[in-house]
Amino acid sequence: MSLGDGLPAATAVQPVFRATGLSKTYRLGEVAVHALRGVDLDLYRGEFVVILGPSGSGKSTLLNILGGLDVSSAGTVRFLDHDLTRDDDRELTRFRREHVGFVFQFYNLIPSLTARENVALVTDIAERPMRPEEALGLVGLSDRLDRFPAQLSGGEQQRVAIARAIAKRPDVLLCDEPTGALDFETGVVVLEVLEQANRELGTRCSALNRAM
Amino acid sequence: MLGVKPGDVITAEILEGVRPTQPLIVTATVDELIGLSAYMDLRAVNRLLREGGTLSGAFLSVDPVQARELYEALKRIPVGAGIGSRDAAWASFTSTLGESLGIVTTILVTLACLIAIALIYDVGRIALSERARELASLRVLGFTKGEIATMLLGEQALLTTVALPLGFGLGYLASALITQAYQWGALPAAVVSGLAILRRLNQLDLIAVLKTRD
């Protein structure tokens, strides 16, 4: 596992995420699989971090733990002053709801809702969201507001997913293989949108992973 | 049952003593709801059976106020074989009938509840499996378990609410009385099914749903 594109750590600044000795072990029957083994990681404000590694190296597991979707087997994760490893399911849900924007490889849009409604799902439960139209405008989909996911291309669906993730003005944006299901050109467009969102919205930091 | 009409001659066999047979003329037929009886003039019976002045039974119209005294008097009769009261017989008949009706209703309602549970649970499971990915995605976005449970179960509750009066109507057409009991049985059944689905919802796998695409 390697970290790229990160800014040099300013020692005086408190990291947004600080993971220490993070381990994750899955049990597959009798065999214990180590997805993560002693990962130390600091992510700082304004950083745009890409996590690279071969398939199966634990990139997704790391993002899932940072995003409060999964819990680690050992080690600690701090979000600002908050210890995520102490949280129960209810608190992790609240953490995701208030602070984290997710983008996934397979978009995970709700097929029965339009682009606008998919974004509205999140803005309805967020504290200081932007309007769904505004978020979709930021990703260049102002003319696709009332399309259903099935009527959109893969790249467009992923941009809806990004709009959904940034509409609540999250503190962190976590993207798990956001271009994994897209062709190269579309992937570039999506990454540009992500980079722009990170710059313009003052998202504390973004981490995305990419198979190598 | 014998297919006779007034004026026909039947042969009666007396099932006592030497068992003599005797031809008898039918004077009239009667319809009875319970039992099979033949009626004959008392003196003719006594003559036929060669018994003299014997009574094998009597129907009495009793003033309820004096019923107790009557029973006392009847008990003192030396050769009275037994007495029976029509009211007592009627009471025991209705209570037996009521009991068996109650048992049947209980069984039917229990079955109806089981079927309703199975059906509603099944519908819920199907709805859940069709939308597990969707619901898990919502959980990822920060929806609480309670919120997605409200979505799914609210839908189920709405369906049940709409279906109940429809079921009432259909059931009423099919059978006015018993079916109503079926329908009310569906209410607790819906609740039980809902709880079972709730348990499933709490076990949604958030990670697995992100890894596969259906």
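**Note on the two-chain model**

1. Chain B has six helices and two strands; helices (H or I, at least four residues) and strands (E, at least two) are DSSP runs, numbered from the N terminus. Read from the N terminus, the order of elements in chain B is β-β-α-α-α-α-α-α. This is a predicted model, in which local features need pLDDT of at least 70, side-chain atom pairs count only at pLDDT 80 or more, and totals for chains, interfaces and linings use all residues. Residues are numbered from 1 along each chain as its sequence is written, and chains are lettered from A and ligands numbered from 1 in the order in which they are written.

2. Of the 214 residues in chain B, 14% count as buried. A residue is buried if 20 or more other C-beta atoms lie within 10 Å of its own, exposed if 12 or fewer, and partly exposed in between, with C-beta atoms placed from the backbone. Taking the contacts in chain B between residues at least 6 apart in sequence, 59% join residues at least 24 apart; a contact requires C-beta atoms, placed from the backbone, within 7 Å.

3. At the interface, 14 residues of chain A are in contact with 11 residues of chain B. Helix H2 (89–99), strand E7 (100–104) and helix H3 (115–123) of chain A each give two or more residues to the side of chain A that touches chain B. H2(A) supplies the largest share of that side, three residues. By class, the side of chain A that touches chain B has eight nonpolar, three polar and three charged residues. Ala, Val, Leu, Ile, Met, Phe, Trp, Tyr, Cys and Pro count as nonpolar, Asp, Glu, Lys and Arg as charged, and the others, Gly among them, as polar.

4. Chain A contains an open sheet of four strands in the order E3-E2-E5-E6, with antiparallel pairing; two strands pair if DSSP finds at least two bridges between them. Strand E3 (31–43) and strand E6 (82–83) of chain A are the edge strands, each pairing on one side only. Strand E2 (residues 17–28) and strand E5 (residues 74–79) of chain A run antiparallel and are joined by five bridges. A:Thr20 stands opposite A:Thr76 in E5(A).

5. Two loop residues have positive phi without being glycine. A:Leu80 has a phi of about 55° and sits in the loop between E5 and E6 of chain A. A:Leu80 counts as partly exposed because it has 13 C-beta neighbours inside 10 Å. For A:Tyr107, phi is near 65°, and its place is in the loop between E7 and H3 of chain A. A:Tyr107 is buried, with 22 other C-beta atoms within 10 Å.

6. Helix H5 (residues 154–166) and helix H6 (residues 184–200) of chain A pack at about 15°, with axes 9 Å apart. Axes are lines fitted to C-alpha atoms, for helices over the stretch in contact, and angles run from 0 to 180 degrees between N-to-C directions. H5(A) is therefore roughly parallel to H6(A); angles under 35 degrees count as roughly parallel, over 145 as roughly antiparallel, 65 to 115 as roughly perpendicular and the rest as oblique. Residues making the contact include A:Ile162 and A:Ile166 of H5(A), and A:Val193 and A:Leu194 of H6(A). By class, this contact has seven nonpolar, four polar and one charged residues.

7. The axes of H3(A) and H5(A) come within 8 Å and cross at roughly 25°, which means that H3(A) is roughly parallel to H5(A). A:Ala115, A:Asn118, A:Val119 and A:Val122 of H3(A) make the contact with A:Val160, A:Ala163 and A:Arg164 of H5(A).

Methods. Two residues are in contact if their C-beta atoms, placed from the backbone, lie within 7 Å.
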